[in-house]
Amino acid sequence: MLPRYEYYIIFQSFWFYCVNTIKSKIFNCILQNISKTNKENIVKSVIAKKEADSQSLAEELKGCKSFLVFEYLGLNAKEATALRRRLHEADAKMYVAKNNIFNRAMKSAGIDKISDISGPNALIISKGDEILPFKEIDGIIKKYKFIKFKGGIIDNQLVDQQSLSQIASIPGREGLYSMLLSCLQAPVRNFLYGIKAVGEQKQ
């Protein structure tokens, strides 16, 4: 008997297939019943929309501190919503679109280090804490083994599956600030302890 999550993945895959098939049939049916001029206008409109979406995403990629791609098939709506909320709080955002839009956007942004863009993928772009998205995905992968990390970029350096956990173990921005504050406070504490010890000896 298959694990419960595998049934969910099979159902979700079948659902995606049915939806895309129905959408394609409806679109073709509409095209067959309109004039040639209108067909050309609709096709041009669709192409223009895809181009605008890819250019908008390319600008986001150019201005980000880090980004990653992962296959979200099997991730339920509740978990996806919670992930979006946590990312939003850290000035990061998750995008879901067709792979050709992702590929166009990365090409336009001059990114060629990630090539495995197949399957239903999501893109996370961070303009705040560059480590946090990798921490989030690493945690989700450990919880849901079927989630696949495709790759990411930090400071123009590729992060692959092998180095994901290492990157995720690095303290985030808030953690680094806490460590720095602790280091700065340590000499002051030691100085105060010294003064207190001298005072106690004089008494």
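Reader: Which residue of strand 3 does Tyr95 stand opposite?

Author: Tyr95 stands opposite Leu123. Strands here are DSSP runs of E with at least two residues, helices are runs of H or I with at least four, and both are numbered from the N terminus. This is a predicted model, in which local features need pLDDT of at least 70 and side-chain atom pairs count only at pLDDT 80 or more, while totals for chains, interfaces and linings use all residues. Residues are numbered from 1 along each chain as its sequence is written, and side-chain values use heavy atoms, with hydrogens and water left out.

Reader: What makes strand 2 and strand 3 a pair?

Author: Two strands pair if DSSP finds at least two bridges between them. Ala92, for instance, stands opposite Ser126 in strand 3.

Reader: How many bridges join strand 1 to strand 3?

Author: Strand 1 and strand 3 pair over 6 bridges, again antiparallel. Leu68 has Ile124 of strand 3 as its bridge partner.

Reader: In what order do the strands lie in the sheet?

Author: The order is 2-3-1-4-5, an open sheet of 5 strands with antiparallel pairing. What makes strand 2 and strand 5 the edge strands is that each pairs on one side only. Neighbouring strands are turned by 15° against each other on average, direction ignored.

Reader: Why is strand 3 called largely enclosed?

Author: Buried means under 20% relative accessible area, exposed over 50%, and partly exposed in between (1.4 Å probe, protein chains only). In strand 3 (residues 121-126), 6 of the 6 residues are buried, so the strand is largely enclosed by the rest of the structure. Both faces are covered, with Asn121, Leu123 and Ile125 buried on one side and Ala122, Ile124 and Ser126 on the other.

Reader: Which helices lie across strand 3, and at what angles do they run?

Author: Helix 3 lies across strand 1, strand 2 and strand 3, at about 140° to strand 2. Helix 4 (residues 99-108) lies across strand 1, strand 2 and strand 3 as well, at about 35° to strand 3. Axes are lines fitted to C-alpha atoms, for helices over the stretch in contact, and angles run from 0 to 180 degrees between N-to-C directions.

Reader: Why are helix 3 and helix 5 called roughly antiparallel?

Author: Angles under 35 degrees count as roughly parallel, over 145 as roughly antiparallel, 65 to 115 as roughly perpendicular and the rest as oblique. The axes of helix 3 (residues 77-89) and helix 5 (residues 132-143) cross at roughly 160° and come within 11 Å. The two helices are therefore roughly antiparallel. Glu79, Leu83, Arg86 and Leu87 of helix 3 make the contact (heavy atoms within 4.5 Å) with residues of helix 5, including Leu132, Ile137 and Ile140.

Reader: Is Phe70 buried or exposed, and how do you know?

Author: Phe70, in strand 1 (residues 66-71), has 0% relative accessibility and therefore counts as buried. Leaving aside neighbours within four places in sequence, Phe70 is in contact with residues including Leu83, Met94, Ile124, Ile137 and Phe149.

Reader: What makes Asp155 and Asn156 stand out in phi?

Author: Most residues other than glycine have a negative phi. Asp155 has a positive phi near 55°, and Asn156 has a positive phi near 65°. Asp155 lies in the loop between strand 4 (148-154) and strand 5 (157-159), and Asn156 is found in the loop between strand 4 and strand 5 too.

Reader: Why are Asp155 and Asn156 called exposed?

Author: Asp155 has 64% relative accessibility and so counts as exposed. Asn156 has a relative accessible area of 52%, and so is exposed too.

Reader: What does the protein come to as a whole?

Author: The protein has 7 helices and 5 strands, in the pattern α-α-β-α-β-α-β-α-β-β-α-α along the sequence. Of its 203 residues, 33% count as buried. Of the contacts with a separation of 6 or more, 78% join residues 24 or more positions apart.
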